[in-house]
Amino acid sequence: MQAFQTAGRAGHGAARQDFIPGLCLLTGLTASEVGEALPAAQARGFYLAIGRRLAALEPLDGVSDVAGLCARANAFWQALGWGEIDIEAGDHAIIVRHNQPPIGVPGCDGPHWRAALSALLEGAWDAWFRTLGSGPALVTTGQWQGECLELRHGR
């Protein structure tokens, strides 16, 4: 995450918060181009892979419980300006509710952006769950609930 924080500081001492909307805009415009140029399944695979790369920026060393996972994930998403999460561990799945993801940025709120954002977050969470020891029979899926993306990791 340190590399992102350092890279996020544009020249001349600009605050990282000034950098984030531009990065989100670029990502949203990229999502539109990829969504229009590729079949939906290929675009989804691309964004799942990017999500796994995002997860690699925040290794989960030392995380041993849901509270620790929630704290580390919230610090990560908040540093990116991508909202916050809460986690519920159920009998058959772990539910992650991702609140206030960047869906209202100009140029980033079309259907391609929502699909890309969903796949990015699914890829990141799936990678984190695998790092924490999840078995291959469990999958991570996301579904929009208004402006909240609910991710489910289970059977």
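These legends accompany several close-up views of a predicted model. Residues are numbered from 1 along each chain as its sequence is written. Because the model is predicted, local features need pLDDT of at least 70 and side-chain atom pairs count only at pLDDT 80 or more, while totals for chains, interfaces and linings use all residues; side-chain values use heavy atoms, leaving out hydrogens and water.

View 1. Helices (H or I, at least four residues) and strands (E, at least two) are DSSP runs, numbered from the N terminus. Starting at that end, the elements follow the order α-α-α-α-β-β-α-β-β. Of the 155 residues, 39% count as buried, where buried means under 20% relative accessible area, exposed over 50% and partly exposed in between (1.4 Å probe, protein chains only). The accessible surface of the chain is about 8300 Å², with 57% belonging to carbon and sulfur atoms; such areas come from the Shrake-Rupley method with a 1.4 Å probe, and for residues only the protein chains shown count as cover. Among contacts with a separation of 6 or more, 54% are between residues 24 or more positions apart. Contact means heavy atoms within 4.5 Å.

**View 2. Helices α3 and α5 cross at roughly 45°.** Here you can follow α3 (residues 40–56) and α5 (residues 111–131), whose axes come within 6 Å. The axes are lines fitted to C-alpha atoms, for helices over the stretch in contact, with angles from 0 to 180 degrees between N-to-C directions. The two helices are therefore oblique to each other: angles under 35 degrees count as roughly parallel, over 145 as roughly antiparallel, 65 to 115 as roughly perpendicular and the rest as oblique. Their crossing is right-handed, a label for a near helix turned clockwise from the far one by less than a right angle, with anticlockwise giving left-handed. Residues of α3 that take part include Arg44, Tyr47 and Leu48, and their partners in α5 include Ala116, Glu122 and Trp128.

**View 3. Glu122 is a buried residue of helix α5.** Its relative accessibility is 3%. Apart from residues up to four places away in sequence, Glu122 touches Arg44, Leu48, Thr140, Thr141, Gly142 and Leu151.

**View 4. His153 sits in strand β4 (residues 148–154).** At 3% relative accessibility, His153 counts as buried. Look for two polar contacts of its side chain: one with the side chain of Ser134 at 2.6 Å, and one with the side chain of Thr140, also 2.6 Å. A polar contact is a pair of N or O atoms within 3.5 Å; within protein, one must be able to donate a hydrogen and the other to accept it, and residues adjacent in sequence count only if both atoms are side-chain atoms. Beyond residues up to four places away in sequence, the residues that His153 touches include Ala93, Ile94, Asp126, Phe129 and Arg130.

**View 5. Glu147 and Gln100 are loop residues in contact with each other.** Glu147 belongs to the loop between β3 (139–145) and β4, and Gln100 to the loop between β2 (93–99) and α5. Glu147 is exposed, at 58% relative accessible area, and Gln100 is exposed too, at 60%. Phi of Gln100 is near 60°, a positive value in a residue other than glycine. Setting aside neighbours within four places in sequence, Glu147 also contacts His98, Pro101, Ile103 and Arg114. Between Glu147 and Ile103, 44 residues apart along the chain, the C-alpha separation is 7.6 Å.
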